[in-house]
Amino acid sequence: MFEVEIIGNKIRLDGNEYTLGHITCMIASGETGWIKTSVSVITDWKLVQEKAIEYLESCFHSNSITDKTKGYLFCKANYPYPEQKYTVTKKLKEIESDGETKLEITDRYHLEKIIELIDIEMMYAVQNNLSIYKCKNCGKYFATLNAGAVYCNRMFSGIQTCKQFGAKKTFHENLKEDKLLSLYEKTYQAVYYKKRIAKTKKDLKQIDTFIKQLKNSRTDYRKGTISEDQFRSILTQYSAEK
């Protein structure tokens with residue numbers, strides 16, 4: 001038997017705290033590095049993994065709380081074991097948050113099977129209308145408190161996470177779509193090269209000033225505080241001084 005604690009949007013297991021849904025996402029993806037002694041004995045890993053995938057696909061194919069609820073009830077109806085009457089205790093704690101005194105309620109479950117953990121975690125994730133998505137890079141499910149997230153934080157290619165890879169990919173896609181940003185990138189690289197071969201402090205100072213101007217103009221362009229013509233004029237200014 002092992003213990004699982006639910007605190008708000010978090011789940012705690014073996015002293016580690018995760019966003020609700022994260023454990024089920026790891027199980028569905030075949031990730032086992034997080035498993036410690038208290039839940040290490042899994043008699044049928046394939047069944048557990050299949051149920052994790054079933055819960056995720058049924059409950060989180062939509063952002064609708066109604067669809068999530070129906071998905072959970074569907075999975076519950078197909079639960080592979082007799083109905084479990086969980087042993088649960090509640091712990092109350094007074095906490096300070098944003099200058100106010102609040103009551104923190106912890107639900108502590110005493111479970112015997114890892115599949116029970118999946119059911120409990122999905123029940124709370126659905127009840128709290130949390131966000132669980134498929135990463136647009138690796139295709140694996142991930143739980144997040146950011147409703148606008150599209151990439152997970154798993155390592156990709158051993159050197160960067162899916163989120164880092166996705167940000168770079170999005171940047172280059174934006175460059176292709178926006179000719180001015182593409183021109184900016186080429187201009188910036190040319191200016192930076194000129195800095196590398198500069199021979200005097202005066203030249204370095206002038207180039208650093210222009211690099212700063214370039215970066216600021218790109219930021220202003222993205223924010224919409226300068227027009228396309230103004231941004232193009234700044235880039236053309238470099239070309240004229242080249």
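Across which strands does α4 lie, and at about what angle does α4 run to β5? In this predicted model, helix α4 lies across β1, β2, β3 and β5, and its direction is at about 150° to that of β5 (100-111). The sheet itself is open and five-stranded, with antiparallel pairing. Helix α3 packs with α4 and also with α2.

**The sheet**

- The strand order is β3-β2-β1-β5-β4.
- The edge positions belong to β3 (16-19) and β4 (87-97); each has a single partner strand, so one side of each lacks a neighbour in the sheet.
- From one strand to the next, the twist averages 25°.

**Strand pairs within the sheet**

- Four bridges join β1 (residues 2-7) to β2 (residues 10-13) in the antiparallel sense.
- V4 has L13 of β2 as its bridge partner.
- The antiparallel pairing of β4 with β5 extends over eleven bridges.
- K91 is bridged to T106, a residue of β5.
- Two residues lie between the strands in the hairpin of β4 and β5, where D98 adopts a positive phi near 55°.

**Packing of α3 with α4**

- Helix α3 (residues 65-77) packs against helix α4 (residues 114-127) at an angle of about 160°, and their axes are 10 Å apart.
- Because of this angle, α3 is roughly antiparallel to α4, the criterion being an angle over 145 degrees.
- The crossing of α3 past α4 is left-handed.
- On the α3 side, the contact comprises I65, K68, T69, Y72 and K76, which meet D119, M122, M123 and V126 of α4.
- By class, the residues of this contact are five nonpolar, one polar and three charged.

**Packing of α2 with α3**

- Helix α2 (residues 45-59) and α3 pack at an angle of about 150°, with 7 Å between their axes.
- These two helices are therefore roughly antiparallel to each other.
- K51, E54, Y55, S58 and C59 of α2 are in contact with D67, K68, G71, Y72, F74, C75 and K76 of α3.
- The residues of the contact of α2 with α3 comprise five nonpolar, two polar and five charged.

**Residues of α3 that occur in both helix contacts**

- K68, Y72 and K76 are listed among the α3 residues that meet α4, and K68, Y72 and K76 are also among those that meet α2.

Note on methods. Residues are numbered from 1 along each chain as its sequence is written. This is a predicted model: local features need pLDDT of at least 70, side-chain atom pairs count only at pLDDT 80 or more; totals for chains, interfaces and linings use all residues. Side-chain values use heavy atoms; hydrogens and water are left out. Axes are lines fitted to C-alpha atoms, for helices over the stretch in contact, and angles run from 0 to 180 degrees between N-to-C directions. Angles under 35 degrees count as roughly parallel, over 145 as roughly antiparallel, 65 to 115 as roughly perpendicular and the rest as oblique. A crossing is left-handed if the near helix is turned anticlockwise from the far one by less than a right angle, and right-handed if clockwise. Contact means heavy atoms within 4.5 Å. Ala, Val, Leu, Ile, Met, Phe, Trp, Tyr, Cys and Pro count as nonpolar, Asp, Glu, Lys and Arg as charged, and the others, Gly among them, as polar. Two strands pair if DSSP finds at least two bridges between them.
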